[in-house]
Amino acid sequence: SVSMRRLVVDPQKGDHSTIAKAIKAAQPGDRIEVQPGVYKEAIVIDKPLEIVGQGPMAKIVISSSVNVVNMSTSSAAIRNLTLRQTGGKWHAIDVSQGHLEIEDCDISSEGRACVAVYNGAMVSVRKSRIHHSKDYGILVSDLGQGLIEDNDILANHYAGIKIETSGNPTIRLNRIHNGEAEGISVGALGKGVIDDNDVARNARGGIKLDGGNTTVRNNRIHDNKYNGGILVEGRAQVMIEDNDILGNEGVAVAINGSGHTTVRKNRIREPKPRHTYSWGIDGGQGIAVSGQGHVVIGENEIAGTAAEGIEVYSGRVDISQNHIHNGHKAGITMHKGRCLIEDNNITGNAGEGIDVYGGRVTARKNRINRNKSAAVYLASGSRGVIEDNDLRDNVDGPFRIYDMSAKLFVIRRNNKIG
């Protein structure tokens, strides 16, 4: 067998004065060690190699006005390098084949994405700083896949991470923050697992899921602007589980599509209004549902909302085993659609426990107590069943019933006096 060779790149005294010359001279499996310097060149990796900076990363700079790194082999690795793409319609790192490992790098782009993986290729991006792209931080598309782990992804013009056209990465343990758009955006055919990331202070929201099949779990999603914590649109199939969704502007979790979304075991706290007007506020709900999809909301804590804890405009929604408390409006408000509200604790809200303005609702086995208005408000145009609930200790009593709505409801076996 042939042992690995070390080739040193140094403009002054190395084996080679440029990285491109070292790659040309290398054999598959060799290690290229890059000494400090500014290398104005584009690198095409066309054989299995490891390219490693030797010394402080900030002093080992590779810059180009085209793709700084172009992956054209089965496997390779780059480590401890600063990569600067300086403009045009090019990515800093372009991966269209094989598997490229990127570790401990600092990557920016004045052209397109800092890292783009597509055409069924794979990346592993770890412990890198990915920032100030004029496009996406990382783009995964066209069956691209891989692992994006423990990176600092910040200040990118579009999403910090964008997944589209059957891209399918695992995204975990990253800090995705201070972007000009969403932290993470998943397009219509995108897939992926988004696990244990900190997604914060992005200008257009934390995570946007526009179709695709995505799991979002164990993340801390906080202090994002405009579109709130998580926005679900299109025909997405989404599991949102065990996240802390805190202090976002707009709606903490907004579901507007026609797919199937499950929201369970999350801690949703203190969403803020997007705008405040003389007549009221825009945003501030814990969860808002519209569209024609099926949404399951279970075992969440929803607290301190500026508006409703849960607001349903349309669709089929199952709400069970949540604790909805201390909001500034009603615990749950329903406008249209079909809604099952079962076995929830709805307490201490500034409005009613449940407001029903329209649609068909079944509310059973809930504990609706200590709200600042009535336990349940029923408006004209609504219908359904209210049964086996504990409706004690609300300021305005168990019910407020208007117009003819009482004739359209079955109301039975509720505990109204304690």
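The model is predicted: local features need pLDDT of at least 70, side-chain atom pairs count only at pLDDT 80 or more, and totals for chains, interfaces and linings use all residues. Residues are numbered from 1 along each chain as its sequence is written, and side-chain values use heavy atoms, with hydrogens and water left out. Helices (H or I, at least four residues) and strands (E, at least two) are DSSP runs, numbered from the N terminus.

- Strand β12 spans residues 106–109 and is covered on both faces.
- Asp106 and Ser108 are buried on one side, and Ile107 and Ser109 are buried on the other. Buried means under 20% relative accessible area, exposed over 50%, and partly exposed in between (1.4 Å probe, protein chains only).
- In a regular strand the side chains alternate between the two faces of the sheet.
- Strand β9 (residues 82–85) pairs with β12 in the parallel sense over 4 bridges. Two strands pair if DSSP finds at least two bridges between them.
- Ser109 in β12 is the bridge partner of Gln85.
- Strand β15 (residues 129–131) also pairs with β12 in the parallel sense, over 3 bridges. Here Asp106 stands opposite Arg129.

**The nonpolar core**

- The largest nonpolar core holds 90 residues. Such a core is a set of buried Ala, Val, Leu, Ile, Met, Phe, Trp, Tyr and Cys residues joined through side-chain atoms within 4.5 Å.
- Ile32, Ile78, Ile93, Ile107 and Ile287 have the most contacts inside this core.
- Helix α1 (residues 19–25) gives the largest share of this core, 3 residues.
- Ile78 is in contact with residues including Ile45, Ile51, Val69, Leu83, Ile93 and Leu100, leaving aside neighbours within four places in sequence. Contact means heavy atoms within 4.5 Å.

**Arg274**

- Arg274 sits in strand β34 (residues 273–277).
- Arg274 counts as buried because its relative accessible area is 18%.
- The Arg274 side chain reaches the backbone oxygen of Tyr226 at 2.7 Å.
- Beyond neighbours within four places in sequence, Arg274 is in contact with Tyr226, Asn227, Glu249, Gly250, Val251, Asp282 and Gly283.

**Salt bridges**

- The chain has 29 salt bridges. A salt bridge is a side-chain nitrogen of Lys or Arg within 4 Å of a carboxyl oxygen of Asp or Glu.
- Side chains of opposite charge can pair when their charged atoms come close.
- Glu299 and Arg264 form a salt bridge at 3.6 Å, N to O. This pair links distant parts of the chain, 35 residues apart: Glu299 is in the loop between β37 (294–298) and β38 (301–303), and Arg264 is in strand β32 (residues 260–264).
- Glu299 is partly exposed at 37% relative accessible area, and Arg264 is partly exposed at 24%.
- Glu342 and Arg364 meet in a salt bridge at 3.9 Å, N to O.
- Glu387 and Arg413 form a salt bridge at 3.5 Å, N to O. Glu387 lies in strand β49 (residues 382–387) and Arg413 in the segment after β51 (409–412), so the pair ties together parts 26 residues apart in sequence.
- Glu387 is buried at 6% relative accessibility, whereas Arg413 is exposed at 55%.
- Arg6, Arg31, Glu33, Glu50, Arg79, Glu101 and Glu103 belong to one network, joined by salt bridges that share partners.

Key:
A polar contact is a pair of N or O atoms within 3.5 Å; within protein, one must be able to donate a hydrogen and the other to accept it, and residues adjacent in sequence count only if both atoms are side-chain atoms.
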